[in-house]
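I opened this entry to look up charged side-chain pairs. My notes follow the order in which I checked them.

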Amino acid sequence: MEPLREPPVRGVEQHNGAVVVRLVGELDLYNADDVRNALAGAIDGGAPRIVVDMSLVDFVDSTALGVLIEARSKLGYDGVLLAAPQLETRRTLEVSGLDRHLPVHDSVDGALASSRS
């Protein structure tokens, strides 16, 4: 029997007007709604920018990528920033072309410090 996975949303925090959503583990069809709800909560709460901390994400499927694009469509290109994706996640972003549609930063601090146009 496969062990239960931990929820994908590790935390949601305010940082100087931005909201940091910390994700963990595998992001896929089975937990994409949890990610969607966390992002929607930040958007509905008036966050002008969301930094998605992907430093602890091991895997992302197309459903989870779609959730990120949904959030981007509501906040615009630089309203959703991805931070610290691991090698496999970064490769998925590059292969899918999403790295051209969502800003990708090496760290959460780097994403928070980036200027919004």
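With which residue does Arg 22 form a salt bridge, and how far apart are the closest N and O atoms? I find Glu 13 as the partner, with the closest N and O atoms 3.1 Å apart. I note that the model is predicted.

I looked up accessibility for this pair. Arg 22 has a relative accessible area of 22% and is partly exposed. Glu 13 is also partly exposed, with a value of 30%.

Next I checked Asp 53. Its side chain meets that of Arg 22 in a salt bridge, at 2.5 Å from N to O.

Is Asp 53 buried or exposed? I read a relative accessible area of 7% for Asp 53, which is buried. The cut-off for buried is under 20%, so Arg 22 at 22% is classed as partly exposed.

Glu 13, Arg 22 and Asp 53 are linked in a network of salt bridges.

I moved on to helix H1 (residues 32–44), which holds both Asp 33 and Arg 36. Their side chains meet in a salt bridge, with 2.4 Å from N to O. The two residues are three apart, about one turn of the helix. Arg 36 is partly exposed, at 27% relative accessibility.

Last, I looked up the total: the structure holds six salt bridges. Among them I have described Arg 22 with Glu 13, Arg 22 with Asp 53, and Asp 33 with Arg 36.

Definitions and conventions:
Residues are numbered from 1 along each chain as its sequence is written. This is a predicted model: local features need pLDDT of at least 70, side-chain atom pairs count only at pLDDT 80 or more; totals for chains, interfaces and linings use all residues. Side-chain values use heavy atoms; hydrogens and water are left out. A salt bridge is a side-chain nitrogen of Lys or Arg within 4 Å of a carboxyl oxygen of Asp or Glu. Buried means under 20% relative accessible area, exposed over 50%, partly exposed in between (1.4 Å probe, protein chains only). Helices (H or I, at least four residues) and strands (E, at least two) are DSSP runs, numbered from the N terminus.
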